[in-house]
Amino acid sequence: MKSRRNYLRYRKNQFKWKQIGWHSDSICPVCGQKGIYQIYKYDAWCCASCNEWLDDVCGDPDCPFCSRRPETPYEVYVMTNVEVGSAGERKFWRRKNYQHKMHGRVREEKRREVREYFQI
C-alpha cells in the first residue's frame, strides 16, 4: 500500500508540473538530471531537480514575464493552484460516499439511523 501511495504522490507531482509547463527530455547542464521544464507563465526554462532557472532575467522592468518571475521554480510550483477539475470533485465525492465498501456501508447505516430518529 505504501508503494501505491508513493506512486500516486509522484503522479500528482508530475501532473502539476505538466500543468505549469512543458517537460523536455533534455539533460540539465547544472545537475545532469532530466527535469527541465519550460514554464509557460514566465516563458523561461528551469530545472526541477536542482531548482534553478536556466534562463537569465532580461532586465527590462516592463517585461510581463521576467518582472514577475520568482527567485526559484519551486516557488512557481507552490504558488500554482492546479485543480484536477470535475474529476477531482467526483473522486472526493466517491471517497466520502462509498457505500460499497464495508466501512462506508456501516457509516451510511449510522447516518440513516440518525436521519430516521430526527426525521431529517
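Helices (H or I, at least four residues) and strands (E, at least two) are DSSP runs, numbered from the N terminus.

A quick word on what you're looking at: this is a predicted model, where local features need pLDDT of at least 70 and side-chain atom pairs count only at pLDDT 80 or more, while totals for chains, interfaces and linings use all residues. Residues are numbered from 1 along each chain as its sequence is written, and side-chain values use heavy atoms, leaving out hydrogens and water.

Now for the overall layout. The chain has four helices and four strands, and from the N terminus on they run α-β-β-β-β-α-α-α. Of the 120 residues in the chain, 22% are buried.

Let's go back to α1, which covers residues 2–20. This helix has 19 residues and reaches 27 Å from its first C-alpha to its last, close to the 27 Å expected at 1.5 Å a residue (the expected span is 1.5 Å times one less than the number of residues). Which residues of α1 are buried? They are Gln14, Lys16, Trp17 and Ile20. Seen down the helix axis, these buried residues fall within an arc of 160 degrees, so they line one face of α1; the arc is taken from the directions from the helix axis to the C-beta atoms. An α-helix has 3.6 residues a turn, so residues three or four places apart point the same way. Over on the other side of α1, Lys12 and Lys18 are exposed.

Next comes the sheet. It is open, with four strands in the order β1-β2-β3-β4 and antiparallel pairing; two strands pair if DSSP finds at least two bridges between them. β1 and β4 (52–53) are the edge strands, each pairing on one side only. β2 and β3 pair in the antiparallel sense over four bridges, and Tyr37 has Cys46 in β3 as its bridge partner. α1 lies across β1, β2 and β3, running at about 45 degrees to β2. That angle is between N-to-C directions, from 0 to 180 degrees, with axes fitted to C-alpha atoms, for helices over the stretch in contact.

A few residues are worth a stop. Ser24 sits in strand β1 (residues 21–24) and is buried because its relative accessible area is 8%. Not counting residues up to four places away in sequence, Ser24 touches Ile36 and Trp45, where contact means heavy atoms within 4.5 Å. The side chain of Ser24 also makes a polar contact of 2.9 Å with the side chain of Ser26. A polar contact is a pair of N or O atoms within 3.5 Å; within protein, one must be able to donate a hydrogen and the other to accept it, and residues adjacent in sequence count only if both atoms are side-chain atoms.

In strand β2 you'll find Gln38, which counts as buried at 13% relative accessibility. The side chain of Gln38 makes polar contacts with the side chains of Asp43, at 3.0 Å, and Trp45, at 2.8 Å.

Finally, look at the loop between β4 and α2, the place of Arg69. Is Arg69 buried or exposed? At 13% relative accessibility, Arg69 counts as buried. Its side chain reaches the backbone oxygen of Asp55 at 3.0 Å.

How values were computed
Buried means under 20% relative accessible area, exposed over 50%, partly exposed in between (1.4 Å probe, protein chains only).
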